[in-house]
Amino acid sequence: MDKKYYITTPIYYPSGTFHIGHCYTTVIADAIARYKRSKGYDVYFLTGTDEHGIKIQKKAEEKGVTPQEYVDAIVADTKELWEALGITYDKFIRTTDDYHVETVQKIFKKLYDQGDIYKGEYKGKYCTPCESFWTESQLVDGKCPDCGREVYEVTEEAYFFKLSKYQKRLEEYLESHPEFIEPSSRKNEMINNFIKPGLEDLCVSRTSFNWGVPVTFDEKHVVYVWIDALSNYISALGYLSDDDTLFKKFWPADLHIVGKEIVRFHTIIWPIMLMALDLPLPKKVFGHGWLVIDGGKISKSNGNYRDPREYINEYSVDAVRYFLLREVPFGSDGNFTEEALIARTNGDLANVLGNLVNRTIGMCKKYFDNVIPKQNELNEIDNALIDYAMELPNIVESNIDKLDIPAALEAIIELFRKCNKYIDETMPWVLAKEEDKTRLETVIYNLLACAKHGAVALKPFLPTTSESIFEQLNITDENISEFATLESGKTLNEAKPLFMRIDKTL
Ligand code: MSP
């Protein structure tokens, strides 16, 4: 089996403060990376920032700082946010890093030398107050999509990338690799809306601003957007550098997770770039939906913005991670509201998971002075619960393989639900009263063991919670190949509530 796994998020525009929607892709990628590591894969998890372009240049000018100073501050803040969210990336790439700039320049030159990039004329629409170029299709009622004002026809010298030359090869590839774009609805959209009507060559350089990677053989040009941005996935691994060990080891990527609006660039421009460079294509591009607030975009101007760290501080990092991973059906859009975050935390995390662990450890303290009891003879009710706990890793794995993380989490929470039901059915307090010690021991043992199995399954998704359960159970080992691996006679640590019920009226 191929035991390496290369996973990426998009690189983010550091053009303002990050919102909860930006955390969505990154938390999903982190959970998958952690899961694959736990399965013994050698994982390389890449994230980073996409720092060039006219927008950044203008924002820096507005602030009276250099573009580099402007992005440096945001990048530092971004790294703090990822740390607060527990993101375990292996590398953070910045498109302003020297090695990336050099690789982009080499790629651009190579494509030019082999005739895939040529010089031509860019004809487009220009909005003078916004200093922005737009294509016909980006205009709204023929006007600038940003400010709504008149736009003017302009012509600018530019380099173009011959997408059209590779159209047929791309179509054949998508046809023969149905797993390449997921969900499949996005694949059909790409083929029918963008590829079939015919690919136009792509403008890949600009002369009207200079905050970008300079074209080495024609200095008034800077590389424009996608060749710069997409190359990050291979420049990060040392492609075309003196040391390409990582590239040899990890390319092709196993998974690019991207938001739905950039699937197009990852499944048309990127594969064509790779074909032109004679490199293998990534195994999969998954286009997820958006997190929206009341159906609209999350942004400062919409007045619905809060720094994600405020939610983390108020509700805990695992409450936020759980919400992002669980709430949105993967692939579709989902609504973010603080009420929904509270409902998830109170429902699944406090009432089901937290309550079960707390009750179980509390009963062990009450009936056995905190010492793990023996597991005696099992009956049908026990076996049903144990069978589910033992099947859980397989259910989680098959859902992760489908990238259905909400379903994986639902299966884990279901174990805790089943445990709460098991308590209702076995009624430990009655067993204690009747002095049926043998049965009581078995019941408490099974519950403690289930808490362990649940904690192991939760680890990639809610690492802090999982660690806390391990700590309370006084264990470090993760052997779950058998059910009854807890050591009878060992003392538990003090019970600590995992999630407090939130009583907040919004
Ligand atoms: N820089 C490009 C990506 C280049 S990748 C070679 C870019 N950056 S971005 O900052 O605008 O977006 C980064 C990611 O965040 C995208 O996948 C985008 O879909 C995602 N999201 C931004 N807002 C989002 C939500 N409200 N909800 C979910 N994801 C969102 O695009």
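**Close-ups of a sheet and some salt bridges**

Glu157 comes out as partly exposed, at 28% relative accessibility (buried is under 20% relative accessible area, exposed over 50%, partly exposed in between, with a 1.4 Å probe and protein chains only). Keep in mind that this is a predicted model, where local features need pLDDT of at least 70, side-chain atom pairs count only at pLDDT 80 or more, and totals for chains, interfaces and linings use all residues. Residues are numbered from 1 along each chain as its sequence is written, and side-chain values use heavy atoms, leaving out hydrogens and water.

**View A. Glu157 holds hands with Lys220.** These two make a salt bridge, with the closest N and O atoms 3.0 Å apart (a side-chain nitrogen of Lys or Arg within 4 Å of a carboxyl oxygen of Asp or Glu). Lys220 sits in the loop between strands S9 (205–206) and S10 (222–223) and Glu157 in strand S6 (residues 152–161), so the pair ties together parts 63 residues apart in sequence. Helices (H or I, at least four residues) and strands (E, at least two) are DSSP runs, numbered from the N terminus.

**View B. Lys168 and Glu172 pair up within helix H5.** Their closest N and O atoms are 3.5 Å apart in this salt bridge. The two are four residues apart in H5 (residues 167–176), about one helical turn. Lys168 is exposed at 58%, while Glu172 is partly exposed at 44%.

**View C. Six strands line up in an open, parallel sheet.** The order is S3-S2-S1-S11-S12-S7; strands pair if DSSP finds at least two bridges between them. S3 (91–94) and S7 (181–182) stand at the edges, each with a single partner strand, so one side of each has no neighbour in the sheet.
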